[in-house]
Amino acid sequence: FPSHDTDRTKVGLNILIVPDEIDSTNSADVAYVQKAGNIAAARQDCIASVQCTAKSDKTRDLANAALARFNYNNPSYVAPYVGYDKIYDQYTDSEVFIPKSIAGAVLMARTDRVANVWDAPAGVNRGIIGYSIGTNMKLSEADIGSIYDNNGNTSKFVTGYGNVMWGQKTAQKKASALDRINVR
């Protein structure tokens, strides 16, 4: 990230996206994600949508271990995501996986456009991930709850709606209004 990204007068943004596939056991990847979160915290005018798991992290325990590796200066400015969405890539005529942080950012932007900025970018009203044809993780309700308790956001399949974002927490561990994306 260029050093001027923390200067609100030089670069205007609402959502800082880390759309990269990461490996949470790689210290350089962790530092990169944390840098994005710390830029958002320094600016205080945006939120960072960050990926916290690798594609190979397919269980609740691996997702929670990955979430525990990240620390931010002000975690209420960070929206952590786990898992990957399967999409059809028309250019390569193949199915590929993309980080869930992309869906998180898309849903935040869409919610701001079609609803109210204080509405949650999740659930069956505003959290449908229309381009997703699957995920890399098969999670139970208990798994999703455990990940959410560890401030991770992911999705689940809901009959009649498809793949739906099922979480809107920030990385802030202390319970307050700022531990929700729609409040931040």
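**Notebook: sheets, helices and cores**

I began with β1 and β2, which pair in the parallel sense over 4 bridges. Two strands count as paired if DSSP finds at least two bridges between them. Val18 has Val50, in β2, as its bridge partner. The model is a predicted one, where local features need pLDDT of at least 70, side-chain atom pairs count only at pLDDT 80 or more, and totals for chains, interfaces and linings use all residues. Residues are numbered from 1 along each chain as its sequence is written, and side-chain values use heavy atoms, with hydrogens and water left out. I took helices (H or I, at least four residues) and strands (E, at least two) as DSSP runs, numbered from the N terminus.

I then looked up the whole sheet: 3 strands form an open sheet in the order β1-β2-β3, with parallel pairing. β1 and β3 (78–81) are at the edges with a single partner strand each, so one side of each has no neighbour in the sheet. Neighbouring strands are turned by 15° against each other on average, direction ignored. Helix α3 (residues 100–114) packs on this sheet and touches β1, β2 and β3. The direction of α3 makes about 155° with that of β2. Contact means heavy atoms within 4.5 Å; axes are lines fitted to C-alpha atoms, for helices over the stretch in contact, and angles run from 0 to 180 degrees between N-to-C directions.

Next I turned to the other sheet, where 3 strands lie in the order β5-β4-β6 with antiparallel pairing. The edge strands β5 (94–99) and β6 (134–135) each pair on one side only. Strand β4 (residues 84–89) and β5 pair over 6 bridges, and Lys86 has Phe97 in β5 as its bridge partner. α3 packs on this sheet as well, touching β4, β5 and β6.

I looked up α2 and α5, which pack at an angle of about 5° with their axes 10 Å apart. They are therefore roughly parallel to each other (angles under 35 degrees count as such). Arg60, Ala63, Asn64 and Leu67 of α2 meet Ala142, Asp143, Ser146 and Ile147 of α5.

Last, I asked which residues have the most contacts inside the largest nonpolar core. They are Val33, Val50, Cys52, Phe70, Tyr72 and Ile147, in a core of 25 residues. A nonpolar core is a set of buried (under 20% relative accessible area, 1.4 Å probe, protein chains only) Ala, Val, Leu, Ile, Met, Phe, Trp, Tyr and Cys residues joined through side-chain atoms within 4.5 Å. The largest share of this core, 6 residues, comes from α1.

Technical notes: Buried means under 20% relative accessible area, exposed over 50%, partly exposed in between (1.4 Å probe, protein chains only). Angles under 35 degrees count as roughly parallel, over 145 as roughly antiparallel, 65 to 115 as roughly perpendicular and the rest as oblique.
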